[in-house]
Amino acid sequence: MAKPQPHWLLRPATVRRLWLLFAGVLLLTLVPDLFIEQYDHFGIEGSFGFYAWYGFATCAAMVVVAKLLGYLLKRPDDYYDD
Amino acid sequence: MTTNPALLLLGGALLLPLLPARARPAALLGLPLLTLAAVWGVADGAQLAVTFLELELVPLRGSSVGRLFATIFALMAFAGALYALRQARLLEQVAAQAYAGGAIGVTFAGDLVTLFVFWELMAIGSTLVIWAANTPQAYRASMRYLLVHLFGGVVLMAGIAGHYVDSGSVAFVAMQPDSLAHWLILVGFLVNTGAPPLSAWIPDAYPEASPSGAVFLSAFTTKTAVFALLVGFPGATVLVWIGLWMIFYGIIYALLENDMRRILAYSIVNQVGFMVCGIGIGTAMALNGAAAHAFAHIIYKALLLMSAGSVLLMTGRRKCNELGGLFQSMPLTAACGIVGALAISAFPFTSGFVSKSLIAQAAIDEQLATVWMLLAAASAGVFLHAGIKFPWFVFFQKDSGLRPPDPPWNMRAAMLLFAFLCIAIGVYPAPLYALLPFPVDYQPYTVAHLVAQFQLLLFSGLAFFVLLPLMRRTETVSLDLDWFYRRLATRLVRWLLRHGDRAWTRLVALLGRRADDVLAGLFRTHGPHGVLARSSPTGSMVLWVALLLALLLLAGYA
């Protein structure tokens, strides 16, 4: 008997296609910045692709900070069980 | 005379256990709806005033912001009761109704004494909800939870007393943190929002409750505190920074966490941080934003916890590293969880988008550049820690091999109701905007705003998947300031018990003979066989009581 196929969402081919789709959507969100004017209240958020790089950069920073704090703060999850 | 809507739920809670089991579902679902109707029957202004111990109490006062919060509390009580209908213990159902009643009582309180009474009722109701999970862990967590809230209550009461002495009034009106009494009231309110340094009680206690218990808990305590801050301290600048701290605390701790419901508990602190920050900004736009965000938040956070609770109920597992792949057999739970996750992330066309934008807009209007930059980073961070992390690790990631079905119908119905509301409010925000305390002149759906939000969120999503290796799940808890009472304090007591004896003998020796005599004297009267420590039999107690009564009688005639 053949091994049961994994759910279509989990097949490597689907995952590859999903990444391509995601990349396409990401690029698509940048296109309007060529035509429309973002509000520029603080002199930075009107620049091209501001929200894209700002979202990516701040998230990366938060993940790294959390990772570093984790070395300091993490304890085995039975730490308080005594 | 108008009835106080809170009394419907509180009275109902008392009667519920007496009803035959067949009649209970109707009461559990009907009472919140009756309450909702009653909420809308209360006109603006003081509806009831009584004088008690020379205090002018206003137990029932209608206001637009109170009505908004009472409406969502009643809706929550209904959806929560539906979700808990067939699975929760009677104790939990009763406690949850009383808890909701307490929350609604606060929203109609026209004076600080009434507020305090309902505030404490909530503390008791919520403790019982945690207790109803019936595990030793839940019991211990509920006791820690209760201690924090009793502490907050004492601070609040001290503040109210001081405020009365200062001003001669207990009316619940806007204050500024300008006196010790007002600071105490502010701190009393903030304890219930999960503000620093006491934030740990939320992720400590809520995830120990039953699947439905956590849903109730997520809604009432913190949002009642938001209501109290909104009425009591609008525009208190310190709240901007407290709120921002809560926002980033929630994100960082949620990123470190492995327990799915604890992730969501940390994200409550994060979301309430947005509201606290808005209240601190204090303009009409910001206060509208805080109120709208509280309304939207209750719905999507409850939905997220319903989804997580369904997973817990059907699999018995709560750790992300033991879950995954559940979308295959629990499609509805996964879909509803994703709707909640999108709403909390303020995805366009969900409720979070139309509510959180108001707060960000207020920061722009006030030219608060730093605050706005931090809020934008936090919005990205919400998508990271809750919007993707929760659904990804629970429903996707690796396949855990678990194939549980979706939960029973009543739980599915509650999830569908709230998932519907998340989207309905997002697509058509006008009814929510109409409920807000100030007139709304804001259009969330502009092309520029949509583009900005899509860029922000989707590139956060990219960051999540790119950095996934840095977020490997570990079976850990994260240290927090609760370490001081959970670890240091218990260690200290144990150490004292072990070494106290020797230290005591030494101390007595050091103090010399005189101390010895005093102690010996005390031991004679108060020691195990001392006259004053004797546990007298009931008979002798009755004798003494009779004697006292006789004396009183004599004194009365004399």
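Modeller: The model is predicted. The pair consists of helix H13 of chain B, residues 331–344, and helix H16 of chain B, residues 409–427. The crossing of H13(B) past H16(B) is left-handed. On the H13(B) side the contact is formed by B:Leu332, B:Cys336, B:Val339, B:Gly340 and B:Ala343. H16(B) contributes B:Arg412, B:Met415, B:Leu416, B:Ala419, B:Cys422, B:Ile423 and B:Gly426. By class, the residues of this contact are 9 nonpolar, 2 polar and 1 charged.

Now the surrounding chain. Chain B has 21 helices and 3 strands. Its division into domains gives domain 1 (1–232), domain 2 (234–480), domain 3 (485–511) and domain 4 (516–558). Between the C-alpha centres of domain 2 and domain 3 of chain B the distance is 47 Å.

As for overall form, the C-alpha atoms of chain B occupy a box of roughly 85 × 55 × 55 Å along the principal axes. The radius of gyration of chain B is 26 Å, which agrees with a compact globule, because 558 residues in such a globule would give a value near 24 Å. Of these 558 residues, 54% are buried. Among the contacts in chain B with a separation of 6 or more, 80% join residues 24 or more positions apart.

Notes:
Residues are numbered from 1 along each chain as its sequence is written. Chains are lettered from A and ligands numbered from 1 in the order in which they are written. This is a predicted model: local features need pLDDT of at least 70, side-chain atom pairs count only at pLDDT 80 or more; totals for chains, interfaces and linings use all residues. Axes are lines fitted to C-alpha atoms, for helices over the stretch in contact, and angles run from 0 to 180 degrees between N-to-C directions. Helices (H or I, at least four residues) and strands (E, at least two) are DSSP runs, numbered from the N terminus. A crossing is left-handed if the near helix is turned anticlockwise from the far one by less than a right angle, and right-handed if clockwise. Two residues are in contact if their C-beta atoms, placed from the backbone, lie within 7 Å. Ala, Val, Leu, Ile, Met, Phe, Trp, Tyr, Cys and Pro count as nonpolar, Asp, Glu, Lys and Arg as charged, and the others, Gly among them, as polar. The radius of gyration is taken over C-alpha atoms; the globule rule is 2.2 Å times the number of residues to the power 0.38. A residue is buried if 20 or more other C-beta atoms lie within 10 Å of its own, exposed if 12 or fewer, and partly exposed in between; C-beta atoms are placed from the backbone. Domain bounds come from an automatic or database domain assignment.
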